[in-house]
Amino acid sequence: MSIQPKTKTIYEKMLTVGYYIFLVILLIAYVTPFAWYIFNSFKTTEEANAVPPTIFPKNPTLASWINVLTGQTNIKLPIQWGRWMLSGIIVSSLTALYVTFATAFACYAIAKLRLKGARLILMLILAAILLPGPSILIPVYIIMAQLKLINNVMGLILLHPIIVLPLTVWITISTFAAIPDELEEAALIDGSSRIRTFFTIILPSVKMTLITTFVIAFLISWGEFSFSYVLLRSWDNYTPAIGVATYLLEFNVFWNEVSVSAVIVTLPVFVLFVLLRKHIVRQIFYGIVR
Amino acid sequence: MNLMKREAALNYVWLVPALFPIFLFLIYPIFYNINLAFNDFPKSFLSVIEDPIFRLALRNSLVFALAGATLTLVLALLVAVIITSRESSFGMWVAILTLLVWVTPEIVTAISWNWMLNSTFGIVNWILIWCGLLKTGIPWLGDPLYAPIIVILLTVWRLLPFLALLFICGILSIPAEYLEAARVDGLKFRYIFKHILFPALRYPIIIAYILIFVWFMNDTAMIMATTGGGPLHLTETVATLIYKTGFNYFKFEEAAAMSIIQFSILLAICIPFLLAFRKYWWLMRE
């Protein structure tokens with residue numbers, strides 16, 4: 001039972017106000033860059049380059065949206081968002097599909113089957129969270145050249161799992177470890193094979209985890225920059241992230257059109273994240289904390 | 001007996017899809033790098049080590065990673081402790097919303113900041129001018145003093161939500177009775193942090209610090225799309241230099257030598273990372 005007086009002290013009230021001020025500052029710091037390019041996508045080229053700049057568009061126009069989406073951009077170069085989005089969706093979906101199944105197989109084997117050397121294998125996979133990056137860029141480029149996969153989205157589908165898979169194994173393994181043994185034992189005693197049990201009993205029991213794994217893999221693959229930027233050499237084969245990067249790095253005058261590109265690249269991320277935010281947060285963070 | 005052995009061997013097949021990319025794109029490249037860099041040993045190593053730009057980049061990499069990871073860690077702990085200090089669904093909502101930055105392609109946020117920080121028409125300068133804090137705009141990304149600081153802060157900004165949510169989940173998984181009891185006893189925050197929060201967050205802190213440190217060292221998109229390594233290579237890191245050496249100047253041997261140096265640092269960092277994972281061993285049965 002509380003022995004403190006019911007009326008809040010001034011100190012407590014100030015704490016509450018401070019708490020909400022803190023949240024609002026945090027919100028502003030994280031929403032501003034998004035709001036900035038969303039607003040700018042509705043400006044004219046003059047207004048987007050105006051000095052001093054405006055925050056809200058004075059005369060909102062869809063001109064830059066129409067320009068970008070129809071390919072009639074101010075720079076006379078092949079901007080092909082339809083094609084790039086398709087490439088991006090193919091690369092990210094196939095990567096995510098591979099990663100989801102590979103993660104499920106590996107987590108099942110490590111957490112459920114009695115493998116000798118399982119610790120060593122898990123250590124290797126976890127180490128792979130840290131190691132891929134610019135330090136393997138040169139060999140990856142040469143391997144891709146030998147496989148004739150430079151400037152080919154197939155190369156990215158082959159490559160992206162190394163960037164995603166170690167992380168997904170890490171955040172998924174505790175879910176597999178938590179599956180009770182009784183679940184599969186009954187089926188195995190009835191004479192069902194291991195593979196069959198895996199697909200009919202184990203996978204359905206962790207369905208939501210698998211969907212979340214798929215989405216996390218999709219998101220990481222969607223935004224991957226370092227490797228794609230080196231491996232994709234021509235406009236025809238860009239993914240959305242590379243398309244928007246090229247737009248900025250080479251033609252940073254038409255900020256309203258760059259903004260449209262930025263919105264296009266971000267939109268699928270927003271939708272997936274908003275739909276599955278609770279599951280994504282739970283799987284990543286409780287997966288790590290647990 | 002033979003049948004059991006065969007089944008035990010077959011169990012390893014489950015790991016093939018996960019290990020295939022690791023062998024093709026991690027193990028094989030390591031040896032490829034070594035082969036490439038030792039092709040004309042010690043010529044490319046010497047020219048890399050004697051290159052003042054590489055030395056600067058190596059120093060930058062380590063300073064950025066150390067300063068950035070430490071700052072991210074401290075701020076994330078602060079954010080997590082403040083947000084969990086009361087049961088507010090708005091607080092959780094804000095924390096989850098900020099994670100949007102982490103899932104958004106890094107290149108997009110980098111482009112947005114590049115533009116907002118522009119010296120003539122960037123909104124940041126104009127807000128500061130409107131507030132009367134500045135007379136004329138500062139070229140944030142071209143200034144030798146500010147550019148490195150801005151690059152660190154932008155990456156801190158990007159990685160902070162990941163860490164903050166990790167710590168929030170860590171704090172929320174502490175049994176509520178512990179915190180309640182501490183509050184009823186009127187314990188000072190210092191004691192609560194030392195005896196309740198910190199023990200619960202010990203592993204997340206170690207793992208997160210290493211992760212963030214490595215993300216800083218491996219990051220290229222943020223630097224490439226904001227400063228491009230300039231001014232005067234003051235924001236150049238080993239990561240961006242490998243990039244340029246390999247694909248702008250096509251000196252693959254030198255880039256491979258740099259890669260090996262970068263890789264050795266990451267490998268050394270891996271050891272405490274893996275040791276922190278000992279708590280995961282219960283997940284496996286050998």
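The legends below describe views of chain B in a predicted model.

**View 1. Overall fold of chain B.** Chain B of this predicted model contains 14 helices and zero strands, so that, by the definition of elements used here, every entry in its order from the N terminus onward is α. The C-alpha trace of chain B, taken along its principal axes, spans about 85 × 70 × 30 Å.

**View 2. Burial and contacts in chain B.** Of the 286 residues in chain B, 46% are buried. Among the contacts in chain B with a separation of 6 or more, 73% are made by residues 24 or more positions apart.

**View 3. Helix 9 of chain B against helix 11 of chain B.** Helix 9, covering residues 146-172 of chain B, and helix 11, covering residues 189-218 of chain B, have axes that come within 10 Å and cross at roughly 155 degrees. Because angles over 145 degrees count as roughly antiparallel, helix 9 of chain B is roughly antiparallel to helix 11 of chain B. The crossing of these two helices of chain B is right-handed.

**View 4. Residues in the contact of helix 9 with helix 11 of chain B.** On the side of helix 9 of chain B, the contact is made by Thr155(B), Leu159(B), Leu163(B), Leu166(B), Phe167(B), Gly170(B) and Ile171(B). Helix 11 of chain B contributes Leu197(B), Ala200(B), Leu201(B), Pro204(B), Ala208(B), Ile212(B), Trp215(B) and Phe216(B). Sorted by class, the contact of helix 9 of chain B with helix 11 of chain B comprises 13 nonpolar and two polar residues, with no charged residues.

Definitions and conventions: Residues numbered from 1 in each chain as written. Chains lettered and ligands numbered in written order. Predicted model: local features only at pLDDT ≥ 70, side-chain atom pairs only at ≥ 80, totals over all residues. Helix = DSSP H or I, 4+ residues; strand = E, 2+ residues; numbered from the N terminus. Buried ≥ 20, exposed ≤ 12 C-beta atoms within 10 Å, placed from the backbone. Contact = placed C-beta atoms within 7 Å. Axes fitted to C-alpha atoms, helices over the stretch in contact; angles between N-to-C directions. Parallel < 35°, antiparallel > 145°, perpendicular 65-115°, else oblique. Left-handed = near helix turned anticlockwise from the far one by under 90°. Nonpolar A, V, L, I, M, F, W, Y, C, P; charged D, E, K, R; others polar.
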